[in-house]
Amino acid sequence: MVRSFVNRDEELNFLNEKWQDGRRQLIVLYGRRRTGKTELINHFSQDKNSLYFLADERSIEDNLDRFASKAAQKFEDVKPEVENFDELFQYIKQRAGEPIVIAVDEFSYLVETDDTVPSVFQRVWDETLEGENVFLILCGSSISLMQEGVLSYESPLYGRRTGQWKLESLKFEDARKFFPERFIEEQIKFYSVLGGIPAYLQKFDPEEDLRKNIRDEMLSKGTFLYEEPEFLLRQSLRKPSRYMEILEEMAYGATKTSEIANKVGMETSNISPYLNKLKELELIEKKTPVTAGENSRGIHKVSDDFFRFYFRFIYPNRSELESHKAGKISENVSQKLSTHTSHTFERICRELTTKTSDCSKVGGWWYKEDEIDIVALNETENTILFGECKWTKQKVGKKLLGKLENKTENVRWKNKNRKEKFALFSKSGFTDELHRVAESRPDLNLYSLEDLNLILSSENQ
């Protein structure tokens with residue numbers, strides 16, 4: 001069951017176009033852990049003369065020694081005695097004999113270990129590899145270190161790179177390809193549990209139902225997914241326990257800064273650095289009403305579905321799971337999964353709204369007690385779309401449309417000079433009465449799961 005490389009065509013095309021350009025290239029590839037950066041490098045390099053090296057957290061001397069060993073193995077040679085990266089790349093250049101891809105994976109470890117590394121690689125690029133037909137990839141999982149140490153204006157490598165690509169987690173339309181034989185409802189549920197990280201998606205067996213997959217791969221001590229969130233946080237943070245407390249409270253629904261701080265017993269003024277670090281790791285995000293400015297006061301939400309699931313259902317129940325009481329936790333998951341999935345469904349519907357409507361901004365909106373799941377703005381045509389998403393067993397009727405229409409007058413955006421549209425998304429479809437209403441209203445669109453599946457399927461043909 002190998003499904004680790006799904007729909008990275010755009011990224012592969014980018015790399016191949018750079019390769020076919022014929023000139024030397026310095027490509028910066030970065031993104032959060034487990035997004036498939038190494039797999040992308042492997043696919044790109046498989047039919048090319050290439051040398052791959054994975055750096056780690058050990059000393060620069062140790063990494064240099066292992067890199068030299070990898071180079072010697074590549075060229076079927078005795079390991080060269082080199083004292084620095086300049087000498088190592090000089091050796092590689094002499095032995096390559098033809099254009100070569102050199103990939104340094106987890107380059108951010110080298111930068112973290114020694115902040116002079118960007119200067120060293122600047123000299124390697126400017127002098128040792130000058131004029132050579134080399135395709136150098138610097139890849140890293142620490143987004144902040146890659147941005148500051150490689151991409152920023154202050155970095156010695158600034159201006160040297162010939163391209164960069166941030167590898168994102170997969171959106172639903174691509175992630176669902178890991179479970180191609182499942183109906184879209186099941187695909188959404190799988191996605192709500194695993195999110196869009198390829199390394200997580202490939203752990204579930206597409207031939208088994210969701211409950212068994214969760215029990216076998218997430219609620220069982222010793223499995224990859226059972227350990228992964230804590231492993232990642234302990235590897236990335238100095239005080240992971242505090243961050244875990246924050247993620248747990250957020251997974252249970254705390255969103256305001258003051259509320260989160262109160263739940264974990266911190267002063268509101270002291271929690272911002274923790275939230276900022278979690279945002280840097282792309283585990284949480286700040287959300288503001290779509291009609292508000294980016295600097296407006298907002299709320300914070302767990303942006304990664306897998307971490308939201310983990311800190312809602314697994315982390316608070318570790319003691320029971322350690323005592324082999326997975327059955328009880330599995331039952332709890334089954335009872336509450338629908339609420340968890342509804343939040344994921346909203347985000348999927350927003351993504352599809354971006355594709356199906358001509359809009360410049362899509363997001364949610366709230367003010368006091370009122371909330372609208374989807375508001376999409378077209379600044380050019382002064383058009384605003386309002387949408388609601390329902391992940392329930394009941395069909396959606398006119399009542400929901402009426403409630404939505406009543407809230408729209410409170411959305412302050414070009415109120416006197418705007419054209420309004422409406423969209424309703426429903427897991428269980430719509431009543432006949434609402435269908436008749438939609439037939440007479442060109443400003444109203446209804447989307448069932450079957451409709452969403454058709455949209456996604458037609459786009460991928």
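Is the crossing of α1 and α2 left-handed or right-handed? The crossing is right-handed, where that word means the near helix is turned clockwise from the far one by less than a right angle.

## About the model

This is a predicted model, in which local features need pLDDT of at least 70 and side-chain atom pairs count only at pLDDT 80 or more, while totals for chains, interfaces and linings use all residues. Residues are numbered from 1 along each chain as its sequence is written, and side-chain values use heavy atoms, with hydrogens and water left out.

## How α1 meets α2

Helix α1 spans residues 9–20 and helix α2 residues 37–45; helices are DSSP runs of H or I with at least four residues, and strands are runs of E with at least two, numbered from the N terminus. Their axes lie 10 Å apart at an angle of about 45°, using lines fitted to C-alpha atoms over the stretch in contact and angles from 0 to 180 degrees between N-to-C directions.

On the α1 side, E11, L12, L15, N16 and W19 make the contact (heavy atoms within 4.5 Å), and α2 brings L40, H43 and F44. By class, these residues are five nonpolar, two polar and one charged (Ala, Val, Leu, Ile, Met, Phe, Trp, Tyr, Cys and Pro are nonpolar, Asp, Glu, Lys and Arg charged, the others, Gly among them, polar).
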